[in-house]
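Welcome! Please open the structure in your viewer and get ready to select a few things along the way.

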Protein chains: 2
Amino acid sequence: MGLIVQKYGGTSVSNLDKIKWVAEHVVKTKEQGNQVLVVVSAMAGETDRLVKLCLQVMDPPDERELDVITSSGEQVSSGLLSMTIKSLGHEALSFQGHQIRIITNNAHSKAKIVRIDAERIKDILAKGSIVVVAGFQGVDHDGNVTTLGRGGSDLSAVALAAALDADSCELYKDDVDGIYTTDPAMVPNARKLDKISYEEMLEMASLGSKVLQARAVEFAKKFEVPLHVRPTSKPDSEGTWVVEENEEMSHMENILISGISFDKNQAKITIAQVPDSPGVAANIFTPLGDSGIVVDMIVQNISIEGHTDMTFTVPRTDFKKSIIITEEIAKKLGAKNILSDDKITKISLVGVGMKTHSGVATTMFKALAKEGINIMMISTSEIKISCVIEEKYTELAVRTLHDAFELGEEK
Amino acid sequence: MGLIVQKYGGTSVSNLDKIKWVAEHVVKTKEQGNQVLVVVSAMAGETDRLVKLCLQVMDPPDERELDVITSSGEQVSSGLLSMTIKSLGHEALSFQGHQIRIITNNAHSKAKIVRIDAERIKDILAKGSIVVVAGFQGVDHDGNVTTLGRGGSDLSAVALAAALDADSCELYKDDVDGIYTTDPAMVPNARKLDKISYEEMLEMASLGSKVLQARAVEFAKKFEVPLHVRPTSKPDSEGTWVVEENEEMSHMENILISGISFDKNQAKITIAQVPDSPGVAANIFTPLGDSGIVVDMIVQNISIEGHTDMTFTVPRTDFKKSIIITEEIAKKLGAKNILSDDKITKISLVGVGMKTHSGVATTMFKALAKEGINIMMISTSEIKISCVIEEKYTELAVRTLHDAFELGEEK
């Protein structure tokens, strides 16, 4: 009994049969005594179709009109789901971003949610109607249609759950049945987690695990919305809860590491023997940042005879652009030369448990060394350790670490 | 120079090439020094596709959700047209019903426009931007999406032209190049009219001429919006103006009749020898009206020995339903029997000129009689004369009357 927000992605509503299944599941949740608000994505393929149409008109497309056009996908699916629920004999009402209203800033196609006026929705839910909300979309202060960026429906759901103070936000996934210790496609005995903390999930999400959008998890953490990742295919399965870190999580002796994530979209650049002086780091990273390149790891070696080596990673997709900018910087700073490599992977161990335990790093380095895998960069935070290795060792490294920390299913 | 509203139907924006043509034409109008607001329908076939989808979910579909879903068609086409205009280097902004706002009552799928808040649009036009408005849609007082019924985009255009006090409202048609004296498919030398009055157009529209929706013409008449029906295929052609009746129209000796319309969607029913007493007409037509049947012509013969014959016409699509209801009424009123015929056509002569001329009816009856066409019912108003004839004579009657009133192109 409570107020539950459910979110269904595009593949879960890709045709009328699937929409009917979703409607039945929503009705079931309602009949269990809950108030239910549902957030839907566009029918699978629809957003791509609309974007393609726009690109034929204008490339890059005008962002204001792109948002008007792409948001129609969720408009249709929300109407169809609401109608299907009604056809099952239950009250339902669809709402678009401009109706609720979901107010965003005016950064078209990547808008940020500013405010949600939830009072009307609360009334409607209290009166017993199911509410179906078109995900992905909002309106700015002038009433222009905006969208939240790809995968934005997760964010819509979390934000609505926060605004309504919902008891949980269930994110239904078609392709996974929860959050795993690592990619099950790579490690066959990867184990589904029952629970994971927001912090861990954030590290997993931003480090390349694609189940949940990092922005949605951040939002959930900020407003303490309990997330429940559940498989559409097995609605009675427990899935994975993403919640506030609690005593149990950080003190259970045997849970040092929650998961292992990896990110192949990485490239590294080294500026060798750059004269070391105050402000050198700013001189290097300001031009990169100004060009919209997100620098991830940064490692600076100790200064020898007034010179230092600075190594950093960038998304592989920005590699060429980064090289060009870095070459200019190197010339200006009088560095010796530039080294670069785009055949690397970042592997990360994530776990709130490691905060209170030493030895995690040692175990990691030993395990990799035993397999002859060279570590090129290391970076640590309170709840993660990341190592950059050669890309070709990715699978071997993930499996080795998964075994070393005994993360797998018991056999 | 002025403020021009242009409306393009679904076939005019059925693909990106056609949208580009429309965009270029809009830009041309703008470059001639005008402020331009464009109203678009959904891309041809899109509304049908969406309605079909809804019917698979629920039949009849929930009307609130149907409006949410079908209005997405105009949302997409308005965005695409606006983007295309921008790609040509001109400023353009799309607007949906909820943004302008076009306020309607809450009669979903056949909503009536209550008010348009045109101030923001006026500002935007004054600043030099082209405005593209999604036709067909509005919002009710609670912000629910509504639609105006099939062909509603004509009405959107006329209402916006009225709200903006536009200099003209151009309705672009793909299939016709203006209003004709009668259907050119039936009468090869039918003549395109340069001008027609609202009143005449209303009679033509409601009598079966399908070029303009009667509601749009009524609205134009009420707010004195000059309508300009123009062919998309020949944008430089003069088309037909639909305007306020003026001196010139009603006094030019040789324009008695503007056009001939015909309506085959007609059926007639006679209640024979019904006892004639006060209230008998009400007793007959109240139950029909209550069942949503629109009775058109009514003819009552003079009463003989306390009994009268009452004949009326109904839409052929409501024929069977009307028969059933009429049989019950006949029984109740003690009428002798019922006669019916659904193989009839109503032919009408329309013209403001006939107000000040006698002899139109005589010419009509003589011309029909000469061809052996029997007149079954007659009904007249200030600017029209309608006759019901056997359906099989439709084409012959239209051509005969077209010749009799010398409406054709000069040879």
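This is a predicted model: local features need pLDDT of at least 70, side-chain atom pairs count only at pLDDT 80 or more; totals for chains, interfaces and linings use all residues.

Stop 1: Colour chain A and chain B separately. Turning chain B by 180 degrees, with 0.1 Å of shift along the rotation axis, superposes it on chain A with an RMSD of 0.2 Å. That is the relation of a two-fold axis. To find the axis from the side of chain B, select B:S72: its C-alpha is the one in chain B nearest the axis, 2.7 Å from it.

**Stop 2: where the chains touch.** Now show the residues of chain B that are in contact with chain A. There are 26 of them, and they meet 26 residues of chain A.

You will find twelve nonpolar, eleven polar and three charged residues.

Then turn to the matching side of chain A. Of the interface residues of chain B, 100% are also interface residues in chain A, so the copies meet through the same surface.

**Stop 3: the domains of chain A.** Finally, select residues 3-174 of chain A, which the domain assignment gives as domain 1, and then residues 260-404, given as domain 2. Taken over C-alpha atoms, the centres of these two domains of chain A are 39 Å apart.

Definitions and conventions. Residues are numbered from 1 along each chain as its sequence is written. Chains are lettered from A and ligands numbered from 1 in the order in which they are written. Copies are superposed by least squares on the C-alpha atoms of residues with pLDDT of at least 70 in both. Two residues are in contact if their C-beta atoms, placed from the backbone, lie within 7 Å. Ala, Val, Leu, Ile, Met, Phe, Trp, Tyr, Cys and Pro count as nonpolar, Asp, Glu, Lys and Arg as charged, and the others, Gly among them, as polar. Domain bounds come from an automatic or database domain assignment.
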